[in-house]
Amino acid sequence: MRSRTPRVAAQGNGQPLDEVRIVIRNDSDLVAVRQEGRRMAERLGFGGGDRTLIATAISELARNILRYADHGEVVLLHANHGPRKGMTVIAQDKGPGIKDVERALEVGYSTSGGLGLGLPGVRRLMDVFDIRSSSGDGTVVSATKWKP
Amino acid sequence: MPVPILKQGPHLIASVQSALGDSDLVELRDALIAQVGRYRSRGVIIDVTALDVMDSFASRTLGDIAHMARLRGAETVIVGVQPEVAFAMVQLGLTLEGVATALDLEEGLAFLQRRASRTGPSGHPSTA
Amino acid sequence: MNEQTIETVEVPPVAESTRAVLRELVAHLRKNRTLLREEWARRITEAKLLTAMTEDEVFAEATSVYDNYVEALETGTLEALQAYARNLSERVIPRGVETHEVVGIVLLLRDVLARSLFAKYRADFAHLNRVLDAYEPAANRIAITVAVGFVQERERTIRDQQEAIRELSTPVLQVRERLLILPIIGVIDPHRARQLTEQLLQAIRTNRAKVVVIDITGVAAMDSHVANHLVLTVEASRLLGATVIVTGLSPEIAQTLVNIGVDLGKMNTAGDLQGGIEEAERQLGFKVTPNGDSAA
């Protein structure tokens with residue numbers, strides 16, 4: 001995964017932005033971040049179905065931050081790879097980290113009741129998925145959806 | 001923002017808004033279960049037409065509502081799941097298993113009425 | 001999901017001596033621009049390329065290509081050329097210009113310029129070699145860049161057209177009230193699978209369907225990814241209040257489903273489409289009389 005140095009945070013001047021950062025600290029942040037995600041996806045020209053997929057993935061990742069790390073940050077970015085355009089979601093926290101990342105990515109590890117991390121589901125929703133996490137070292141999840 | 005709950009005869013109808021946070025969901029769950037008890041409702045309809053994202057917490061809470069309502073003698077139907085939301089949900093592995101679903105309010109009411117006529121007021125099954 | 005590989009052409013650093021030689025030959029190519037361009041246009045016509053375009057159009061494009069070509073030789077950078085190649089492709093593809101024509105004219109230009117260099121430096125064999133050493137790799141990179149740019153644009157156009165066709169076709173059929181049929185035929189790739197599901201879910205809502213018959217008689221084989229997608233489609237339909245009956249399940253596909261962990265006992269299936277429709281009608285409460293008529 002390419003490491004991204006933090007860039008200037010979002011400014012509230014109403015202009016469309018190619019990078020938006022949202023601090024995740026409480027309930028209402030979860031609502032805000034998925035709405036921001038949906039808005040950016042719309043600006044990027046994603047269809048309705050993809051917008052919902054992206055917003056859903058964001059919701060799951062942001063909720064993981066809240067549930068397991070108490071607070072963290074979600075960064076939404078325009079993604080470019082040659083002629084391909086899309087959107088990248090980065091969810092990062094300095095929480096306790098995931099002991100067994102492999103297991104967390106196993107399909108079926110997270111039950112439909114939402115008892116687990118939902119990571120296999122998020123991976124299914126997005127096109128590119130990457131996770132770095134270790135015990136005591138926090139977690140960074142990066143997921144990208146390309147425009148068809 | 002609390003979700004409005006309407007009482008329509010033996011049924012309770014709740015219509016959720018799109019900006020539904022986790023605490024709103026928990027409040028809804030508590031309010032519905034309390035009202036099911038108070039009014040001895042037979043059915044609960046939760047209309048999620050305005051919900052643009054259904055994630056694991058929302059799915060879990062709806063399941064909890066259905067389970068708890070059933071313990072108090074009420075059947076729950078989730079109606080109005082948007083096609084895009086349904087697609088995203090199943091990809092995440094959220095199937096609302098064990099919870100009845102219907103297309104919209106009309107179908108939800110029809111479902112509850114069919115069930116009521118099958119089981120009868122005493123709770124015993126009667127001939128269709 | 002497969003990620004598209006973006007083809008880029010590596011430009012290795014150019015030695016100063018090579019740069020000096022390139023400057024020399026670029027000057028020559030600029031000086032003889034009119035002559036060489038005409039020679040090239042003549043060769044294009046001779047080779048019967050770009051027949052879809054008028055003479056004026058060919059001349060205009062030839063001028064642009066020539067200038068971009070020489071500039072690419074001069075600067076050693078390909079960005080401007082890539083942009084031009086994409087732009088050119090966007091314009092000529094709708095006119096019916098094909099890959100071999102675009103590649104053909106670029107190679108012809110390379111040859112015309114090479115011959116001109118031969119003629120100029122033939123007296124000094126060593127110098128000619130130095131010139132060709134500088135020219136050939138640069139010219140080849142240019143040819144590849146233009147060809148790749150054209151092909152990528154072509155592929156993108158074809159994808160867009162296929163997408164448009166898919167959107168226009170309505171695979172979901174309403175045969176009677178509250179009952180939809182989705183016959184699936186042929187090879188299903190993940191993209192098409194997703195599109196079918198989206199169309200089906202929208203149709204369920206629009207038609208207020210309560211039962212859907214998905215017929216896969218016409219599907220020869222299904223990989224586990226698409227099979228899983230079928231299961232997801234059944235689950236998503238249920239969320240919209242519709243039950244799904246899958247018909248035409250071949251033993252191979254049944255096996256694939258079992259392999260990915262599907263409990264076939266829990267899936268609503270029927271042998272063939274007719275059986276599926278009858279089952280659907282039964283579920284909807286239609287009475288099926290012996291001669292096949294149904295009463296609501």
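What percentage of the 296 residues of chain C count as buried? I looked this up at the outset and found 31%. I note that the model is a predicted one.

**Entry 1: chain C overall**

I listed the secondary structure of chain C and recorded ten helices and seven strands. I then examined the contacts in chain C between residues at least 6 apart in sequence; 77% of these join residues at least 24 apart.

**Entry 2: the sheet of chain C**

I traced an open sheet of five strands in chain C, ordered S1-S2-S3-S4-S5, with mixed pairing. At its edges I found strand S1 (173–176) and strand S5 (269–270) of chain C, each of which pairs on one side only. I next asked how many bridges join strand S4 of chain C to S5(C). There are two, and S4(C), residues 243–247, runs parallel to S5(C). In this part of the sheet I located C:Thr247, which stands opposite C:Ala270 of S5(C).

I also looked for a helix against the sheet. Helix H7 of chain C, residues 190–207, lies across S1, strand S2 (179–185) and strand S3 (211–218) of chain C. I recorded an angle of about 165° between H7(C) and S2(C).

**Entry 3: helix H5 of chain C**

I checked the span of helix H5 of chain C, which covers residues 99–121 and has 23 residues. From its first C-alpha to its last, H5(C) reaches 33 Å, close to the 33 Å expected at 1.5 Å a residue. Which residues of H5(C) are buried? I noted C:Glu101, C:Val102, C:Ile105, C:Val106, C:Leu109, C:Val112 and C:Leu113.

**Entry 4: the contact of chains A and B**

I turned to the contact between chain A and chain B, to which chain A gives 22 residues and chain B gives 22 residues. On the side of chain A that touches chain B, helix H1 (27–43), helix H2 (48–69) and helix H4 (119–125) of chain A each supply at least two residues. The largest share of that side comes from H2(A), with nine residues. Sorting that side of chain A by class, I recorded five nonpolar, twelve polar and five charged residues.

**Entry 5: B:Ser23**

I placed B:Ser23 in helix H1 of chain B, residues 22–39. Is B:Ser23 buried or exposed? I record B:Ser23 as exposed because it has 11 C-beta neighbours inside 10 Å, and a residue with 12 or fewer is classed as exposed. I lastly looked up its separation from B:Pro2, 21 residues apart from B:Ser23 along the chain; the C-alpha atoms of the two are separated by 9.3 Å.

Notes. Residues are numbered from 1 along each chain as its sequence is written. Chains are lettered from A and ligands numbered from 1 in the order in which they are written. This is a predicted model: local features need pLDDT of at least 70, side-chain atom pairs count only at pLDDT 80 or more; totals for chains, interfaces and linings use all residues. Two residues are in contact if their C-beta atoms, placed from the backbone, lie within 7 Å. Helices (H or I, at least four residues) and strands (E, at least two) are DSSP runs, numbered from the N terminus. Ala, Val, Leu, Ile, Met, Phe, Trp, Tyr, Cys and Pro count as nonpolar, Asp, Glu, Lys and Arg as charged, and the others, Gly among them, as polar. Two strands pair if DSSP finds at least two bridges between them. Axes are lines fitted to C-alpha atoms, for helices over the stretch in contact, and angles run from 0 to 180 degrees between N-to-C directions. The expected span of a helix is 1.5 Å times one less than its number of residues. A residue is buried if 20 or more other C-beta atoms lie within 10 Å of its own, exposed if 12 or fewer, and partly exposed in between; C-beta atoms are placed from the backbone.
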